[in-house]
Structure formats: C-alpha cells, structure tokens
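I opened the model to see how the chain is put together. These are my notes, in the order in which I looked things up.

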Amino acid sequence: MNLSFDDLQSICTWARSDWPRLAQQWLERGYDSPELRTLADLVDSTRAEVAVSVMPSVLRSLGIEVADEGFSEYEASGFGARCRAAFAVVQADLDRTGFGRFQMSPYVTTAGSWITAYAQTSDGRRWTNDGLGITSYTNATQIVASAASLVCDTLLLCKRVRWPRCAAHQTKYLVSRYPSWRGDHLVPADPDGEWWCNSDEPHPVNRLGNLQAADVVPDTGSPTVGR
Ligand SMILES: [Zn+2]
C-alpha cells in the first residue's frame, strides 16, 4: 500500500518532533511496515533527529522512492518551512489584491529521488507544472519568485483565473522576477524579487509580497480566461 500524496505532504507540514505521532496516524490509516512501527514507537521521545534518520527507510517501506542523500538535504535545508514561508509571501499578495478566496499552499511529491513542491488550492486542485517545481536545490533568492509562478500557473490551469492582471494594461498580466534577473535594465533591490508587467512595454509593478490592490485588475468572482 503506497503512501498517498496527501500523507507524504504531511511530512512537510508537521514538525519533525511530531513525526512519531504522524506515523501513528499513518498506522491508523492502514499503512503498515516494521519501519513505520519503529517510528511510531518513538512517540514521547524528544529525539527528533532519530525520527529524521528513520524516515527515509519508512518512506521506502511504504512504496516511496527516496534517496538518503536527497532526503537529508531536504530536511537539513528546512525545505518544508522555506516553502511555506515563500507561499505565505505570495498569499499576502493574493489577500491584499482582493483574491483571498484563493488560499494557496505548497504540496510535496517525489520524482525519483527528488522531493518537489508545487502549488495547490484549498480544495486540493493541483498542477505539477510539467515537473518544474521548487526543490531543495532552488536557490534561496529564487524560491519566492518560484512560488509566485507556481501559484499563477495553478490558478490559471485549475481555476481559470489569471492573476495578477496589470491594472495599467488590463489585458496584460504580471510575472514574477527573480532578484538576480538582469534583463534590459533592472536588478530588483528586494531580495524576494518583483512583479513585472509582461506587456510590450514591460515595467516593474511592485516587489513580491507588496502587491497592492491598485496594481491589479480586481477579482470579478468568475473565471478570467475562456470568456
Ligand atoms: Zn502593465
């Protein structure tokens, strides 16, 4: 019985010290293996590092391919926490521009030995972006811009909503730029990067995490593509 994506994702949303309790939930959900029981038995232990060392073998015993090396790097880098922080920046832009009805969060899956984060809607709609998600190797200066791109694409593909649309150009939409982007003339000063209007006359709009309601076309409450 292979671990579901939802259960796999819970690794990123639970604190490491809670993983033994997570393992108990998995057991209650019908997964079972000696490795999983070993992890579940660590409840009441404060040795989070033991849970971390056991998890790769637990995952393999439940049908998930994961390399020790990839997993330890993913954990050591605080990957789950970094993804949640990056998505929170983008969510602030959604909320501030009046699109708070869309609550976006990272979800995590494996591809080979890679653990990759994509965007999902609050009702569980996902798009894996042709495999181009956030990995533990996504540069720290790129992760917010990547999360923004994943959110935009997932809203478009799953909700038929194009966000954010440039208030000045109406039919054009904004794209996220890495702070290292050097294109024609600008290196954004903010470490999180910027929203850029992707029109024939490209222009900076605001930094990621600081998009304002006046910057974008308001939410119509209905799909913005396909009409
Ligand atoms: Zn524009």
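**Arginine 126.** I started at arginine 126, which lies in strand β3 (residues 126-127). Helices (H or I, at least four residues) and strands (E, at least two) are DSSP runs here, numbered from the N terminus. This is a predicted model, so I note that local features need pLDDT of at least 70, that side-chain atom pairs count only at pLDDT 80 or more, and that totals for chains, interfaces and linings use all residues. Residues are numbered from 1 along each chain as its sequence is written.

For the cut-offs, I count a residue as buried with 20 or more other C-beta atoms within 10 Å of its own, exposed with 12 or fewer, and partly exposed in between; C-beta atoms are placed from the backbone.

I then listed the contacts of arginine 126, leaving aside neighbours within four places in sequence: Tyr107, Tyr118, Gln120 and Thr154. Contact means that the C-beta atoms of two residues, placed from the backbone, lie within 7 Å. Leucine 155 is 29 residues away from arginine 126 along the chain, yet their C-alpha atoms are separated by 9.0 Å.

**Tyrosine 107.** Tyrosine 107 sits in strand β1 (residues 105-111). Tyrosine 107 is buried, because it has 23 other C-beta atoms within 10 Å. From tyrosine 107 to glycine 80 I read 9.2 Å, C-alpha to C-alpha, across 27 residues of sequence.

**Whole chain.** I counted seven helices and seven strands. Along the sequence the pattern reads α-α-α-α-α-α-β-β-β-β-α-β-β-β. Of the 227 residues, 37% are buried. Among contacts between residues at least 6 apart in sequence, 53% join residues at least 24 apart.

**Cores.** How many residues does the largest nonpolar core have? I found 38. Such a core is a set of buried Ala, Val, Leu, Ile, Met, Phe, Trp, Tyr and Cys residues joined through C-beta atoms within 7 Å. Those with the most contacts inside it are Ala86, Val90, Val144, Ala147, Ala148, Val151 and Leu174. Two or more residues each come from α6 (79-96), β1, β2 (114-120), α7 (143-159) and β6 (194-197). Helix α7 gives the most, nine residues. Apart from this core lies another, of twelve residues, including Trp26, Ala40, Met55 and Val58. In soluble globular proteins, nonpolar side chains tend to be buried together.

**α6 against α7.** The axes of α6 and α7 come within 8 Å and cross at roughly 65 degrees. Axes are lines fitted to C-alpha atoms, for helices over the stretch in contact, with angles from 0 to 180 degrees between N-to-C directions. From α6, Arg82, Ala86, Phe87, Val89 and Val90 meet Ile143, Val144, Ala147, Ala148 and Val151 of α7. I sorted the residues of this contact: nine nonpolar, no polar and one charged. In that sorting Ala, Val, Leu, Ile, Met, Phe, Trp, Tyr, Cys and Pro count as nonpolar, Asp, Glu, Lys and Arg as charged, and the others, Gly among them, as polar.

**Tryptophan 195.** Tryptophan 195 lies in strand β6. Tryptophan 195 counts as buried because it has 27 C-beta neighbours inside 10 Å. Beyond four places in sequence, its contacts are Pro164, Leu174, Ser176, Val205, Asn206, Leu208 and Leu211.

**The loop between α7 and β5.** Pro164 took me to the loop between α7 and β5 (174-177), where proline 164 is found. A cis peptide bond joins tryptophan 163 and proline 164, with omega about -10 degrees. Most residues other than glycine have a negative phi, and most peptide bonds are trans. Arginine 160 is partly exposed, because it has 13 other C-beta atoms within 10 Å. Glutamine 170 also belongs to the loop, and its phi is about 60 degrees. Glutamine 170 counts as exposed because it has 10 C-beta neighbours inside 10 Å.
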